[in-house]
Amino acid sequence: MDEARAIGTLEERVKAFGRSLHVRHVDAGSCGACESEIQALQNPYYDLHRVGLFFTPSPRHADLLLVTGPVTRAMERPLRAAYEAMPEPKIVIAACGPACGGGIYGRSYATLGGVDRVLPVDVYVPGSPPPPLSLLHGILLALGRMEQKIEHTQHTTGAGR
Amino acid sequence: MSGAAFGFSLLAFALGALAAALPDKRISMQISFIFSILGGLLAVATGAAAIYGGGFGWSVDLGYGIGRAGADLDALGGFFVLAAGMVSVPVSLYSLDHEVQGSRRAFAALYNLILAATLLIFVSDNAFAFLFFWEVMSVLFYSLVAFEDLKEGRMGAGYVMSAASKLGTALILAAFLLVFLKSGSFVFGQMASTRLPGMLASAAFVLAFVGFGVKAGMVPVQLWLPRAYPAAPANAAALLAGVVLNVAFYGIARFNMSVLGKGPEWWGILVLLVGAVSAAVGILYGIAQKDLGRFVAYSSIENAGIVLLGLGASMLGWSAGLKPLAGLGLLVALYHMLHHSASKSLLFLGVGAVERASGTTDMDLLGGLARRMPLVSVLFLVGAFSLAGMPPSSGFATEWLSLETLMQGFRLPSLAGRIPMALAGSLLALASGLAILGFVKVYGSVFLGRPRSEYRKDADKAPLSSRLGMALLALLAASLGVLAPLWIRLIGRASAGLVSGDISERMFGTPSVVLQPAYPNFSALSPTLLAVALPLLLLAPLGIVAVVRRSRGRRGEVWASGERRLGGTEYTSRGFSNPIRTVFADFYLPREEVKERIYTTRIVPWIESSFYEAAARLLLWITRKMKVIQSGNLSAYLAYLFAVLLVILLYAAVQ
């Protein structure tokens with residue numbers, strides 16, 4: 001299979017979506033905690049439909065791929081297939097610590113250690129599991145409807161001494 | 001002219017049958033089928049000559065009260081000979097290759113003989129000769145159905161078929177004898193010139209109608225049909241369903257209409273209602289099938305029903321004195337019959353090609369064959385389009401004309417005639433709608449989608465002659481729709497002598513490619529122009545797409561929930577037809593049972609056996625009652641004999 005590549009920048013891709021978005025969730029070897037949190041998104045308390053977000057069972061209808069888990073070797077091919085099956089334009093979110101970089105599973109004989117080793121990830125949502133509001137924040141961040149809270153900063157010990 | 005052609009045609013079939021006995025098996029069978037092609041071509045010439053140039057007649061006196069036995073071919077018989085020839089030539093061509101021939105050389109001989117017997121039925125001028133060839137044809141029919149040794153179910157199918165055929169012949173014989181009582185002659189011409197008293201004529205009508213109906217496969221005496229055709233080899237099935245089946249309609253036209261003449265109104269109503277029920281029931285059971293061959297066979301019942309609809313409308317119009325309606329009904333019936341012959345033979349040959357490629361006809365195991373055998377799939381589609389009545393095919397033209405004929409019911413004087421016409425029209429509409437669904441299911445599950453089992457590597461390498469045969473049939477089927485005015489002119493001429501003059505003149509509007517149902521200013525349609533306009537209409541969206549489309553898109557894998565293969569997750573034929581099974585559950589009466597936590601549901605066609613079961617129950621009831629006098633005591637039996645002897649002697653004394 002070819003190397004999966006995103007076409008265009010995130011802003012360009014998001015422009016096409018308008019105010020409605022369909023999400024396909026793929027469990028790529030998650031521990032199951034993230035799934036509970038994702039389920040919670042649909043309850044009346046978080047109520048993600050109010051912001052125009054819907055889960056869909058088929059990648060053929062999806063605009064956004066929400067991946068949980070560290071990507072086990074068994075799930076690598078199905079994950080790629082799901083990404084391939086989505087129509088352009090499409091967004092990928094790695095939701096949970098293991099999906100962002102392997103987490104406690106790391107990179108091993110069984111796991112690839114993060115979604116970005118397989119697919120072009122647009123937004124990383126850390127936390128193991130990330131609470132529903134974090135997930136919602138991550139999705140809205142991808143859509144450009146919320147600001148990023150934490151910027152990438154680098155700290156070096158002994159600097160300025 | 002037609003007589004000579006007919007003689008040579010019979011000679012060709014006879015030589016073909018003999019050629020099967022030549023030393024080398026492969027070559028002998030090929031020579032045999034070449035002779036059947038020749039005979040078929042001569043039959044076409046015979047038919048055309050009989051319709052346009054006049055038929056022939058010759059006779060010998062058989063004596064013994066049977067009367068003259070003669071061959072007499074009029075325009076009507078000529079049409080049937082023409083139809084038999086036209087359809088049999090491509091089927092013989094298909095059979096030419098050794099790969100599709102039956103397993104033994106006897107097959108080629110039987111094939112030639114049944115064609116000869118069928119042609120002889122069409123020219124028999126004598127009821128006795130007619131019945132003789134009818135029986136010869138039935139025996140050959142049985143041998144062809146039961147021919148393949150290893151095919152599952154063919155023995156039972158053969159037995160059921162021959163039993164049903166015996167019943168039909170018995171009824172026809174009874175009808176002929178009833179007329180003979182009055183006419184004193186077995187010659188059709190003389191039988192027709194004697195008018196029978198009402199009750200006797202009606203009894204003869206019903207007996208003959210049911211008798212011929214057994215062969216046509218009308219409901220409720222169709223039991224044998226869906227079993228017999230799939231059990232036969234493909235080319236035999238094509239021959240039986242496309243060529244031999246027509247003898248039933250010939251019988252109805254020759255005896256019930258020509259010999260018995262104009263009857264009371266209820267004759268037409270009976271034929272009409274039986275036809276309507278056959279059409280609807282045939283296709284309803286067809287949809288519930290998962291075997292490809294069985295579906296195609298059930299579709300024969302539906303089409304037999306539609307032909308009967310035309311004949312019924314013709315009889316109704318005749319008895320009401322509406323000459324145009326009478327002529328129109330007959331013409332439409334013959335037209336539909338011809339269309340069915342061509343398309344059904346094509347489909348059976350297609351079934352044979354599918355079976356050759358996959359070794360099965362179970363639709364749940366097929367799929368994706370369009371990619372493996374593109375030519376066969378296109379030709380099958382032509383036949384399916386035609387039988388589903390999709391424009392601009394021949395089926396569309398004939399079904400439209402059938403519906404229009406039934407809509408003329410309002411011209412009938414009595415309410416008793418109008419209501420069955422309307423009812424029959426609605427059932428025909430239901431049947432043609434369901435037929436579309438059925439053929440979508442068949443084509444979809446056999447040719448589209450992904451393969452559900454392993455196919456032969458050389459699936460697309462069907463022999464050239466067999467592909468040519470199918471292509472010829474497809475061409476014939478398409479021409480029946482596209483060149484509708486020409487065919488209607490021919491059929492109008494052929495059917496002119498029976499109930500009214502040549503009706504076809506009344507069926508052309510202005511310009512004459514436009515057809516109308518015999519009465520002007522009712523409705524008009526042109527299958528010919530439609531065949532031009534519809535492809536043009538298809539060009540419009542293609543053009544729009546070509547202009548508007550920006551990118552060529554991206555081809556991806558089929559989404560199978562991340563699995564590598566679909567693995568049987570596709571829409572099955574059963575799944576596709578399940579809504580129909582649910583909606584018509586009250587009709588199907590599926591048998592549901594739960595055994596060891598496994599739920600199964602089966603559709604057992606109760607209507608198929610209902611007629612025969614009722615008859616069997618009656619017979620058993622009578623025999624039970626008769627058992628009282630069957631004591632098994634020898635002296636008792638001697639006493640019976642003595643009593644009978646006494647009665648006979650008394651009767652003789654009184655006389």
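How far apart do the C-alpha centres of domain 1 of chain B and domain 2 of chain B lie? In this predicted model, the two centres lie 51 Å apart, where domain 1 of chain B covers residues 262–541 and domain 2 covers residues 611–654 according to the domain assignment.

- Five strands of chain A form an open sheet with parallel pairing, in the order S2-S1-S3-S4-S5.
- The edges of this sheet are strand S2 (53–55) and S5 of chain A, each of which pairs on one side only, and the twist from one strand to the next averages 25 degrees.
- Within the sheet, strand S3 (residues 64–68) and strand S4 (residues 91–95) of chain A are paired in the parallel sense over four bridges, and A:Val67 stands opposite A:Ala94 in S4(A).

**A:Asp122**
- A:Asp122 belongs to the loop between helix H4 (97–101) and strand S5 (123–125) of chain A.
- This residue counts as buried because 21 C-beta neighbours lie inside 10 Å of A:Asp122, the cut-off being 20 or more.
- Apart from neighbours within four places in sequence, A:Asp122 is in contact with A:Leu10, A:Ile91, A:Val92, A:Ile93 and A:Ala142; for A:Ile93, which is 29 residues away along the chain, the C-alpha separation from A:Asp122 is 5.9 Å.

**Contact between the chains**
- Four residues of chain B are in contact with eight residues of chain A, and the side contributed by chain A divides into five nonpolar, one polar and two charged residues.

**Cis peptide bonds**
- In chain A, the peptide bond joining A:Glu88 and A:Pro89 is cis, with omega about -10 degrees, and A:Pro89 is placed in the loop between helix H3 (73–85) and S4.
- In chain B, the bond from B:Val219 to B:Pro220 is cis, with omega near 10 degrees, and B:Pro220 is found in the loop between helix H8 (198–216) and helix H9 (225–231).

- A:Val71, which is not a glycine, has a positive phi of about 65 degrees; A:Val71 is in the loop between S3 and H3 of chain A and is buried, with 30 other C-beta atoms within 10 Å.
- B:Ser561, also a residue other than glycine, has a positive phi near 60 degrees; B:Ser561 is in the loop between helix H21 (527–548) and helix H22 (573–583) of chain B, and counts as partly exposed, with 14 C-beta neighbours inside 10 Å.

Notes
Residues are numbered from 1 along each chain as its sequence is written. Chains are lettered from A and ligands numbered from 1 in the order in which they are written. This is a predicted model: local features need pLDDT of at least 70, side-chain atom pairs count only at pLDDT 80 or more; totals for chains, interfaces and linings use all residues. Helices (H or I, at least four residues) and strands (E, at least two) are DSSP runs, numbered from the N terminus. A residue is buried if 20 or more other C-beta atoms lie within 10 Å of its own, exposed if 12 or fewer, and partly exposed in between; C-beta atoms are placed from the backbone. Two residues are in contact if their C-beta atoms, placed from the backbone, lie within 7 Å. Domain bounds come from an automatic or database domain assignment. Ala, Val, Leu, Ile, Met, Phe, Trp, Tyr, Cys and Pro count as nonpolar, Asp, Glu, Lys and Arg as charged, and the others, Gly among them, as polar. Two strands pair if DSSP finds at least two bridges between them. Axes are lines fitted to C-alpha atoms, for helices over the stretch in contact, and angles run from 0 to 180 degrees between N-to-C directions.
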